[in-house]
Amino acid sequence: MSTANDALLKEIEAGKAPPVYLITGEEFLVRKASDEIVGKLLPKAMAGLNLAIHEGSSPADVARDLATMPMFRGRKVVVVREPEFLAPKKGRADALGKIKEAWSAGRRKVAANRALALFGRAGWGPDQLLAPDTGAISRELEIELADSDVAFLKEIGTFCKAENLTAPEGDTGALERLLEKGAPKDHHLVIEAVHLDSRSTLAKLCIKVGTLVDRKVERELRKLDIHETVVDSLASFKKKLEPAAEKLLKDLCGGNMRLLQSELEKLALYVGEAGTIREADVEAIVRRAREDEFRELSDALGSRDLKATLRYVGTALDQGEAALKIHGAIASIVRRMLEDRVRWSALGFSARTGKGDFDRRGIPELEKEAQERGSKVPHPYVAWLGFQSCMRFEPRELVDVMLAVAQADVSLKSGGTGKLVLESLALKVCQRRA
């Protein structure tokens, strides 16, 4: 079952804590929920002795710790942070992110174990880290490596060799058997799984014997509700956010809850003694930092939505974004639409092609193309959205737009006013030809 955190905490107080908490969703909210659950399960005085935290550990190591009696009587809690053995093998936007984060923080063994666990999914060990095969890594794990990533992995591989580290055992059998049989009384497993393969046997078992805590956030901006996080974050400051300010903050931060809380803390300090944070305060302090900005611009241009495109351009320029950088994003989006339009037309597709036909004929073409190039296959729904975008334009229109992009580039580099040049370009992209 999926349960809200308040109800979970009350169950713990009532002595009805399940043996497993599987928490998934947005990273910041996952960690927050985990901390609240652990704090309720273990008083602070017991946490140092009866709490074990695992990062990059194997399922067998987790099972062994969960089955081991604590030093002192009472509850024991085992926390597993983002286990590779529960994550999808492919399709994670930043599969190396946590590895880099741990390495930069000086937690080199944790970083190395995470890297070994990740690459162990493809049957690789330290030798492959020392000599990364970028093509094989792209095919097997859907990770696209930059030159800096290759150098980083080699550094980790050298560390693994020096420390005699090997890939952790990925078999989840020991942990599954323990959960099936039942962990010792008052032993609790808390799993923080931002990336979760819900189809895995272990994930299904965790949900069956325990509780699923869903802390996902809405990815679509118009459906996103940040009010609960706003109220919770400002409670200790005894401040509130006016509705217009909340709407603007949502637009600037999107669903990144860690960023949202950080900006709210800065705003609370910025307004000083004032009890209300206003829209002008958000405009003064918060910069646009949404992770899906590029997608927002792509959606606006692909929909030929001039109003949304101008809003994006205006906000980005107001917050100090370079006009040439915005121009580069527009150029990349238009170029991709032109390439897609030519490809689909050559294959006999048209603007009247439905999703069913696209899935039957178009997706296999993309898979074939990706195999030939050794590249990643796009998600079917993302590919469908891209298909719809390019089909809103005739090929000749996109050629004309590319010429307008080139002219805008010359204008910007010749001293043209950034706002006027970009607005004119947006109009040329979005307007419909007779």
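The crossing of helices H18 and H21 is left-handed, a label used when the near helix is turned anticlockwise from the far one by less than a right angle (clockwise would be right-handed). All of this comes from a predicted model, in which local features need pLDDT of at least 70 and side-chain atom pairs count only at pLDDT 80 or more, while totals for chains, interfaces and linings use all residues. Residues are numbered from 1 along each chain as its sequence is written, and side-chain values use heavy atoms, with hydrogens and water left out.

**The helix pair**

- The axes of H18 (residues 323-346) and H21 (residues 395-413) come within 10 Å and cross at roughly 160°.
- That angle makes H18 roughly antiparallel to H21; the word applies to angles over 145 degrees, while under 35 is roughly parallel, 65 to 115 roughly perpendicular and the rest oblique.
- Here, axes are lines fitted to C-alpha atoms, for helices over the stretch in contact, and angles run from 0 to 180 degrees between N-to-C directions.

**The whole chain**

- You can find 22 helices and 7 strands in the chain; these are DSSP runs numbered from the N terminus, with helices (H or I) of at least four residues and strands (E) of at least two.
- Along the principal axes, the C-alpha atoms fill a box of roughly 80 × 60 × 45 Å.
- Of the 434 residues in the chain, 47% are buried (buried means under 20% relative accessible area, exposed over 50%, partly exposed in between, with a 1.4 Å probe and protein chains only).

**Salt bridges**

- The count comes to 32 salt bridges, each being a side-chain nitrogen of Lys or Arg within 4 Å of a carboxyl oxygen of Asp or Glu.
- One of them joins lysine 76 and aspartate 65, whose closest N and O atoms are 2.8 Å apart. This pair links distant parts of the chain, with lysine 76 in strand S3 and aspartate 65 in helix H4, 11 residues apart. Lysine 76 is buried, because its relative accessible area is 8%.
- Glutamate 192 pairs with arginine 81 in another salt bridge, with the closest N and O atoms 3.5 Å apart. Since glutamate 192 lies in strand S4 (residues 187-192) and arginine 81 in strand S3, the pair ties together parts that are 111 residues apart in sequence. Both partners are buried: glutamate 192 has 2% relative accessibility, and arginine 81 has 16%.
- Helix H18 returns here: its arginine 343 forms a salt bridge with glutamate 369, the closest N and O atoms being 2.9 Å apart. Glutamate 369 lies in helix H19 (residues 355-373), so this pair ties together parts 26 residues apart in sequence. At 21% relative accessibility, glutamate 369 counts as partly exposed.
- Salt bridges that share partners also join Glu27, Glu82, Lys98, Glu101 and Arg258 into one network.

**A nonpolar patch and its surroundings**

- Leu49, Met71 and Phe72 make a nonpolar surface patch of about 330 Å². Patch residues have over 30% relative accessible area and no salt bridge; like charges are joined within 9 Å, and nonpolar side chains (Val, Leu, Ile, Met, Phe, Trp, Tyr) within 5 Å. The areas come from the Shrake-Rupley method with a 1.4 Å probe, and for residues only the protein chains shown count as cover.
- Methionine 71 sits in the loop between helix H4 (59-67) and strand S3 (76-81), and counts as exposed because its relative accessibility is 64%.
- Proline 70 is in the loop between H4 and S3 too, but counts as buried at 17% relative accessibility.
- Between proline 70 and leucine 49 there are 7.5 Å in space, C-alpha to C-alpha, although they are 21 residues apart in sequence.
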